[in-house]
Amino acid sequence: MTTSSREGAPPASVDVWHDRDDRVVRVRLARPKANVLDADMVAQLREAFGVVARDGHVKAVVLDAAGPHFSFGASIEEHLPDAVAGMLAGFHALILEMLACPVPVLVAVRGNCLGGGLELASAGTLLFAAPDARLGQPEILLGVFAPVASCILPERMGQQAADELLLSGAHIAADDGLRLGLVAAVADDPEAAALAWYDTHLAGKSAAALRLAVTAARGPFVDRIRARLTEVEHLYLTDLMSTHDALEGLTAFLEKRPAQWKDG
């Protein structure tokens, strides 16, 4: 199937099809080159992961992106006050559905994987990165912070390394991500590497056993992220979005000018 087959739907932002005798669901961000994660793309991703949850024969998901970059991040326009609550609700629901996905989610990343793009990628099970991948959370440069990454990255790569990304807004290379434990493997063809990992480690396994093993292995991790994300979303909407600097940073980015901070 592809999301473009939905009757009355807008053009697909996500392509979905089956691979490996229908045992692997391929999910591809399909709006290059930026692959911006707006509400429409998030809705289509949630639909795709719903297919996986309902199909007991599927053994894995491979998530990748069309074009030279995985994603530049979430829509800045949807971070503005009149849209941000709905945007966070939808995006955080997607992240929690990915984290609780009953099969391994193998993510293949090329080029820029920034902001919401890295949050999406880090919600997968294993991340395979091309040598040119740039991984970062630049939200702090816009006067905001990254709710999902604030919860997931300390779990995935340790508190100190997560702090460096979250507080500096800098990015790291694929090799640094590998060293820090965020990236499972660096490969010239990360999609092929993800599929090869499936072929070697998952193809011969029982789908029922895999689903239960995923639940057993990731259950406590998912519970911690779910509880913490609720708190952090509240911090973002109630405290951060009441500041001058959050709106100023977002507006300055859209207007392509330097932000004028008031520190409040």
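How many bridges join strand E3 to strand E4, and do the two run parallel or antiparallel? The legends below start there. This is a predicted model, in which local features need pLDDT of at least 70, side-chain atom pairs count only at pLDDT 80 or more, and totals for chains, interfaces and linings use all residues. Residues are numbered from 1 along each chain as its sequence is written, and side-chain values use heavy atoms, with hydrogens and water left out.

**View 1. Strands E3 and E4 meet in an open sheet of six strands.** Three bridges join E3 (residues 60-65) to E4 (residues 105-109), and the pair runs parallel. Helices (H or I, at least four residues) and strands (E, at least two) are DSSP runs, numbered from the N terminus; two strands pair if DSSP finds at least two bridges between them. Look for leucine 63, which stands opposite valine 107 in E4. The strand order is E1-E2-E3-E4-E6-E9, with mixed pairing. At the edges are E1 (14-19) and E9 (185-186), each pairing on one side only. Helix H1 (residues 39-54) packs on this sheet and touches E1, E2 (24-29), E3 and E4. The direction of H1 makes about 175 degrees with that of E2 (axes are lines fitted to C-alpha atoms, for helices over the stretch in contact, and angles run from 0 to 180 degrees between N-to-C directions).

View 2. E5 and E7 (residues 134-136) run parallel, joined by three bridges; leucine 114 has glycine 136 in E7 as its bridge partner.

**View 3. Helix H2 packs against helix H4.** The axes of H2 (residues 84-99) and H4 (residues 147-157) are 10 Å apart, at an angle of about 25 degrees. That makes H2 roughly parallel to H4 (angles under 35 degrees count as such). From H2, Leu88, Phe91, His92, Ile95 and Leu99 make the contact (heavy atoms within 4.5 Å) with Pro147, Val148 and Ile152 of H4.

**View 4. Arginine 218 is buried yet has no salt bridge.** This residue lies in helix H8 (residues 207-239). Buried means under 20% relative accessible area (1.4 Å probe, protein chains only), and a salt bridge is a side-chain nitrogen of Lys or Arg within 4 Å of a carboxyl oxygen of Asp or Glu. The nearest side chain of opposite charge, glutamate 155, is 9.6 Å away (Lys and Arg count as positive and Asp and Glu as negative; His and the chain ends are not counted). Leaving aside neighbours within four places in sequence, arginine 218 is in contact with Leu99, Ala123, Gly124 and Thr125.

How values were computed. Buried < 20%, exposed > 50% of the residue type's maximum accessible area, 1.4 Å probe, protein only. Parallel < 35°, antiparallel > 145°, perpendicular 65-115°, else oblique.
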